[in-house]
Every structure is written in C-alpha cells, then in structure tokens.
Amino acid sequence: MAKQLYWEDVADGSELTPIPKIATTQMLVKWAGASGDLNPAHYEDTFAAAQGLNRAFVQGQLKRAWLVQLVTTWIGDEGTLKKLSCQFRAVDWPRFMASLTDPKEGETWWCKGNATKKYVQDDEHLIDCDIWVENGKGEKTTPGKATVALPSRGKS
Amino acid sequence: MEAEEVKQKFAGMVGEPIVNVVEKGSIKRYAYAVEDPNPLYYDEEYAARSRYGTVIAPPGFFGWPAKPGPMLPKLMLDLLNGLKEAGYPNLLDGGIELEFMVPIRAGDVLVSSPKIMDVNERTTKAGTKMVFGTIETTYINQNGDTVAKARQNLICLPGA
C-alpha cells in the first residue's frame with residue numbers, strides 16, 4: 001500500500017486523492033449480485049423508464065461504496081473511517097459495453113473530497129471531510145461527509 | 001390513514017432481526033464489484049500482517065445480502081404502504097449516514113435490527129407537504145459489540 005498518511009500531514013482544505021470511476025451496465029450487474037439488491041431499476045431499462053428515470057441507473061449504494069473507497073484509500077491501513085454520510089441528489093446513467101470487457105466511450109465519474117476540520121477528541125486525531133461523486137459534467141450528484149481518525153506522529 | 005396516524009403507528013417500531021455471516025468470499029465479491037483493490041479485503045497474508053490480523057470487510061459491508069429479499073425489509077414495506085395510504089406514495093432516498101465503531105472481520109456473525117426512529121409531516125416554505133422518516137439499523141457482532149449503525153433517511157412526496 002501507499003505511504004501512510006498522518007494527522008500532521010493534513011491541513012484544512014487538503015484534498016483527498018481523487019479516484020476516477022467508470023460506471024458500466026456490467027458494473028451495475030456485478031454490484032446487484034455482490035450486494036444482493038436486485039431492484040430491476042438498475043438493470044432493466046423499461047422498468048426504470050416506467051419510473052420516469054429514462055433507463056437503468058447507477059445504484060446509490062454503489063456510489064456510497066465508491067466514497068468509502070475514496071476515504072479508506074486516502075487514510076491508509078492505519079487510518080480508521082468513523083462516519084460517512086451521503087445524499088443522492090441526481091441520477092447517474094452507466095456507460096454501455098463495447099465488448100465483453102470494455103465500456104463504450106463516454107462519461108467518467110470522479111470521487112473527490114477535501115478536509116474541512118482537524119481536531120483531537122477523546123485522544124483521537126480526527127479529520128472531518130466533505131466528499132462527493134461528480135459526473136462527467138463536473139456536477140456533484142452524490143455529496144457527503146466523512147470523519148476519520150489518523151495516526152499521529154506525536155504518539156508511538 | 002393520515003400522516004399523523006402513520007407516525008403514531010410506526011415511530012419506534014422495531015423490525016425482525018436479520019442474521020448475516022460476513023463470509024470471505026462475499027467480501028471479495030463486494031470489493032471486486034466496487035473495483036476497490038485494497039488487499040485488506042482479499043489478500044489473507046497481507047491482512048494477517050495488518051493491525052486487524054485477518055481479512056476485514058469494507059466499511060458499509062455487513063454481509064450478503066445487503067438487503068433481505070425480495071428488496072426491502074418488511075418493516076419498511078409496511079411503513080411505505082402506510083404512507084401511500086396517507087397520500088404520500090412517492091419515495092425519495094434522503095441519503096444514508098453510517099457510523100463505524102468496531103471493524104468487521106471475515107467470519108463475523110452480525111445481527112441487524114431496523115428501527116423506525118421518526119416519521120414527521122412537514123410543510124415547506126413553498127407550502128408543499130412532505131413526510132420525513134428515518135430508519136436506524138444497528139449491527140451487533142457475535143461478541144455482543146455494536147459494530148455499526150446505519151441511518152437511512154426517507155422523503156415521501158404527495159401524489160396520486
């Protein structure tokens with residue numbers, strides 16, 4: 001894994017290392033199986049269209065899992081995710097597949113965030129962050145917040 | 001049923017507990033689906049050397065299936081049917097809040113119990129009535145430790 005992040009390395013406004021994501025119809029099916037959430041609105045276009053949502057769309061909980069990956073990758077093995085919340089403000093539609101393994105050209109999503117508050121509470125070195133998933137147009141479709149504990153150089 | 005009656009009936013109601021084993025294979029499939037390459041979730045030797053001593057689940061994974069079949073816990077279906085009757089058939093996902101207390105290790109057995117925390121009818125400044133609800137699910141492991149809480153917020157809009 002990458003070099004461990006320490007609490008002292010983070011300043012207010014520090015950016016979480018962004019992670020690109022490409023949602024595909026294939027990824028949505030993988031997620032449906034892995035999560036056990038078999039809502040057809042995420043793999044059957046006509047079902048989603050009947051709900052007024054155009055075609056099968058990205059599961060909110062998959063985007064939430066992307067945000068967990070954003071934060072846990074940033075804090076490294078010695079960091080601990082304490083809290084994470086997000087809201088599903090806008091719908092995202094996956095890319096179609098061009099081959100068995102590759103998506104068609106199209107939108108790339110980015111998971112991003114920045115530190116908003118640094119503090120020590122109950123002997124834990126904590127950071128609050130704003131986090132979000134943005135679509136290909138740069139719109140934040142899934143904004144959220146996270147609190148993490150990081151190791152401190154001041155402690156053994 | 002009016003929205004106030006829905007509140008009276010459902011607020012504080014606890015759903016049937018669900019037991020899930022957090023299996024290594026289901027952790028691996030979950031990480032693969034997210035496309036999260038963190039070796040803590042699948043590399044047993046790497047995970048054994050970590051401070052966890054074993055493979056852990058990504059935060060937010062509480063075993064498979066994440067939602068019991070067919071799609072929603074009965075408690076939530078009953079609540080949504082009540083709100084539909086009260087004139088609020090259109091459900092929006094108001095977001096989720098997760099709180100993590102104890103890491104979840106491969107092999108853990110988690111008991112989850114959903115509870116309807118609140119159901120409130122409110123009128124917006126624009127005069128639109130909406131119902132806000134929160135379902136909190138607590139996850140307890142085989143040692144009796146509360147490992148996590150998930151608060152799911154619901155927004156129900158009026159409609160035909």
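Modeller: What follows is a short walk through a predicted model.

Colleague: How many helices and strands does chain B have?

Modeller: Chain B has four helices and five strands.

Colleague: And in what order do the elements of chain B run from the N terminus?

Modeller: The order is α-β-α-α-α-β-β-β-β.

Colleague: What does the C-alpha trace of chain B span along its principal axes?

Modeller: The trace spans about 60 × 30 × 25 Å.

Colleague: What share of the residues in chain B is buried?

Modeller: Of the 160 residues in chain B, 42% are buried. The chain exposes about 8200 Å², and carbon and sulfur atoms supply 53% of that area.

Colleague: Now the charges. How far apart are the mean positions of the positive and negative ones in chain B?

Modeller: They are 2 Å apart, with 17 positive and 20 negative charges counted.

Colleague: On to the inside. How many residues are in the largest nonpolar core?

Modeller: That core has 60 residues, and those with the most contacts inside it include A:Trp66, A:Trp74 and A:Ile127. Helix 3 of chain A, residues 60–75, gives the most to this core, with nine residues.

Colleague: Which residues does A:Trp74 touch, leaving out those up to four places away in sequence?

Modeller: Among them are A:Leu5, A:Val10, A:Leu16, A:Ile127 and A:Val148. A:Trp74 also touches A:Glu15, A:Thr17 and A:Cys129.

Colleague: What other core lies apart from the largest one?

Modeller: There is another of 16 residues, including B:Val6, B:Leu75, B:Leu79 and B:Val131.

Technical notes
Residues numbered from 1 in each chain as written. Chains lettered and ligands numbered in written order. Predicted model: local features only at pLDDT ≥ 70, side-chain atom pairs only at ≥ 80, totals over all residues. Heavy atoms only, no water. Helix = DSSP H or I, 4+ residues; strand = E, 2+ residues; numbered from the N terminus. Buried < 20%, exposed > 50% of the residue type's maximum accessible area, 1.4 Å probe, protein only. Areas by Shrake-Rupley, 256 points an atom, 1.4 Å probe, with all protein chains shown as cover. Lys, Arg positive; Asp, Glu negative; His and termini not counted. Charge placed at Lys NZ, Arg CZ, Asp CG, Glu CD. Core = buried A, V, L, I, M, F, W, Y, C linked by side-chain atoms within 4.5 Å. Contact = heavy atoms within 4.5 Å.
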